[in-house]
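Dear colleague,

I am passing on the structure below, together with a short account of what was found in it. Please read the notes with the model open beside them.

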Amino acid sequence: MPLCLVASLPFLYFCPIKGTVDILANPIEYLKGVGPQRADLLKKELNIFTFKDLLELVPNRHIDKTKVNLVRDITPQTDFIQIAGVLKSSGLMGEKRGKRLVAEIKDATGTLELVWFQGITYIQKMLTVGQTYLVYGKVTFFQGQPQITHPEMEVYNRENKEGKSTLEPVYPSTEKLKSRGMGGRQIGHFTETLIKLLQENNIPEILPESVLQPLQLMPRFKAFVNVHFPSDPETSQQAINRLKFEEFFIAQIRMGLLRQQRHRYSKGVVFSQVGEIFNRFYEQYLPFELTGAQKRVIKEIRRDTGTGKQMNRLLQGDVGSGKTIVALLVLLLAIDNGYQGCLMAPTEILTQQHFNSITNLLKDLPVNVRMLTGSTKIRERKEILQQLEEGTIHFLIGTHALLEDPVKFKNLGLAIVDEQHRFGVAQRARLWKKATVPPHILVMTATPIPRTLAMTAYGDLDTSIIDELPPNRKPILTVHRYETVRSQVMDFIKAEITKGRQAYIIFPLIEESEKLDYENLMKGYENVQAYFPEPKYWISMVHGRQTNEVRTTNMQRFKTGDTQIMVGTTVIEVGVDVPNASVMVIESAEKFGLSQLHQLRGRVGRGSEKSFCILLSGSKLNNEARERLKIMCATNDGFKIAEKDLELRGPGDIEGTRQSGALNFKLASIVQDRKWLEIAREMAERLLDDDPDLASATNLQLKNYLQALQGKTAWSKIS
Ligand code: ADP
Ligand code: MG
C-alpha cells in the first residue's frame, strides 16, 4: 500500500495552554464520526493517531465542488475529473485475481466506466442503480476507453453543498481506506469536524511579529484552517506558504543556534603565528602560484584558527580545484604553532597518493610525515603509535585506521578529512575526542553541494568554496556515444595513446551481486584486450575484489606510465591523480548518477593536454538518464551538476548528504521552494543577530516552541 503520498507536517508541536485541555492530543477515535474501527485504519494506513496528526495531514489538492465536468469533454489529457450522473448498471466481471466490479455512470453527454478491484463486496452494497452520484477520480484509458478506477462516489445532492466552502480538500488516501469509505475526499469530513472544534489558542502563533509582519505571513491558526478549507485558491496558497516558511525558518533557527553556540562557547587551540616552516615552504617550495580562491580559503581558515574557537569548516571544491595544497598549508600552520595534524582519506590508494604528493612537496623540510592504514605492518604501526604519542610525528596521513582507539596524539591541533561523503558524522566525532581541546576540523569534499542543500543539511558548519580552477586547464570535452560505435571509441583511444596519452575505461557497479559485477568487468576487460593487444599495449586493472597490494601495484603501474590503459570499476573514482591521462570512457554511463559521472570525469583534465570524456550507453534510455547524459555534455561545472542532480533525484538520495532529520521537510521542498528557503535563512540570521539567546519577550513563543522540540528530538542528531 503506497504510503508515500502522506504529507504530514513535521516539527509541529502544540504547547498546551494553561487552563485549556490540549484538544489536539486527543486520540483520533474520539473525533466525532471516526470511532474505533476507522481509527484503526487511519493509524495503520496514514499514521494518524491523534487530532494533531489529522490536522497536519495536508490535502494533496482542492477541488471545486461546484464544477462538474461532462463525459463528452474527457480527452487523453484529462487528469482528475468530477462527473455527476445516474448509475446505469453495476456488476461483477472476471474471475479470481481478475475479478472486478464494473459500473456505468451516465450524464447528459455520455457514459463512463467505473472499476473497482478491491473492497468489491462493500462497494457493491453501497451502490444503487438509478441513483444520481457525484463521481470523482483520475481518468485512465483502457483499450481506448476512458474509465475511473476506484472513484470516490457520493450521492449527488445539490442542497447539501450550500454554505460549504466551494474548495473541497482531497487528502492522500490508500486503496484500503478508499474501500472503507475513507477516500481522499471523505477524510475531509473528519478534518471539517476537527477544524470546527479548534480555536486560536489551540494553535498559538510561534513566529514573532518581526518575521510575520515584513513577509505578510498568515497567522498560524488561520494558516491551518485555510490549508484545509480555503475560501479561494489565493488564500490556500498563502496558507501553504506560511507553513512552508515556518518549516524552513524553524530549521534555520536551529542550525543557526548550533553554529552560534559553537562560535561562542567552543574552545579551540590557537594558531597564533605564521611560522618558519610555512614561510619557507611558501617562498621556496610552492610549485605554482595559488589561485585567488585558494588564497581566500586559506585566509578564511587562518581567521578561524586564530580566534580560540574550534573551527568546523567544510571546504567544497570541484575535482582538480587544488584542495590538497590548501590542506598542506594549513597543516604547516598547525606544525608551526607546535601542534600535530592528521589527514584522513577514504581509501588506501588515496591515502598513499596524498602521502606521496605531500612528501614530494615538502622535500627536505623538517616535517615528519607518516602513513597509517589497515595494511601497515605491525612493527611499523607500533613505532608510529609510539612516536605519535611522543610528538615526534608531526603529521599523520591515513585511512579510517586513524580513528582506532590506540591511535593517540600528543597534541592534535588539526584534523583534515578528505572526500568527506564517505565518512559518517559519528566517525568525525571520534576524531574530536583525540585531544583534550578538540582539534580544528576541516572537511574537504569534491562533491559540490547545492546551495540549498548546504543551507539545510550543513547549515551548522561554516563553509568555504574553491570556485576557480588552476590556470591553463583545458576544459574537458564530453560526448555521449551509443555502444554500437564502441570500435570508433577504441580507435580514438588508440590515437591518443599514440600521442603519448593514457586512458581510463570504467565499468559500473550495478548488479545486486558482486559476482555479476565482477563477470561484467572481466568481459569488458577481455574486450579491451582484444582491441589493445600486448606487447604493444599494456593494461592495468583495478577492482574491489583485489587485495590492497595488487590494487596499489596496478594503480602505480598506470601512474608511472608503465600501462597505457586503466580498466576499472568506480574504486578509482576518488581523488586519483594521473595528469597524463586524457581520456575517460564510462561504460553503461546511463547507470551512473550525475555526481558519480562528474567525479569520474574529474580524473582527466588534470594535465595541460586537452582531455575527453566519452559516455557510452545502450540505445534504450529513459528520460532521466537522457537528461543526465545531456547535462554532463553541456557543462563541467560541478555546482551546476549538483543542482541538476538535486532537481532530478530530490534531496533524499543525494550522495554525501546526511541522513538527518534536518532534511525531512514534508511540506516544503528545497528544490521548488528555494525562494522561501533563502528568505527563511535570511530572516533567521537577522533574528539571531539581534537576539542570539532569544531572550526578548517578542521571541518568547519561538523559544518555548524550540525548547519543546529539543525535548522531542535528539539534539545530537543534527550536531
Ligand atoms: P583536488 O581538489 O581534486 O584534490 P588536487 O589538490 O589534487 O585537486 O589538485 C589537482 C592538480 O592541480 C594537482 O596536480 C595540483 O598539483 C594542481 N594544482 C593545484 N593548485 C594549483 C595552482 N594554483 N596552480 C597550478 N596547479 C595547481
Ligand atoms: Mg583531492
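Where is Ala345 found? In this model, which is predicted rather than determined by experiment, Ala345 sits in the loop that runs between β10 (340-344) and α12 (348-362). Its relative accessible area is 0%, and because buried means under 20%, Ala345 counts as buried. The C-alpha atom of Ala345 is separated by 24 Å from that of Asp637, a residue 292 places away along the chain.

Leaving aside residues up to four places away in sequence, Ser321 touches Gln294, Ile466, Glu468, Leu469 and Pro470.

Turning to the nonpolar cores, the largest has 55 residues, and those with the most contacts inside it are Phe245, Phe249, Ile253 and Leu396. Apart from this core lies another, of 41 residues, which includes Val330, Val369, Ile416 and Met444. In soluble globular proteins, nonpolar side chains tend to be buried together.

What does Phe249 touch, when residues up to four places away in sequence are not counted? The residues in question are Leu207 and Val211, together with Ala680, Met683, Ala684, Leu687 and Leu702.

With best regards

Key:
Residues are numbered from 1 along each chain as its sequence is written. Chains are lettered from A and ligands numbered from 1 in the order in which they are written. This is a predicted model: local features need pLDDT of at least 70, side-chain atom pairs count only at pLDDT 80 or more; totals for chains, interfaces and linings use all residues. Side-chain values use heavy atoms; hydrogens and water are left out. A nonpolar core is a set of buried Ala, Val, Leu, Ile, Met, Phe, Trp, Tyr and Cys residues joined through side-chain atoms within 4.5 Å. Buried means under 20% relative accessible area, exposed over 50%, partly exposed in between (1.4 Å probe, protein chains only). Contact means heavy atoms within 4.5 Å. Helices (H or I, at least four residues) and strands (E, at least two) are DSSP runs, numbered from the N terminus.
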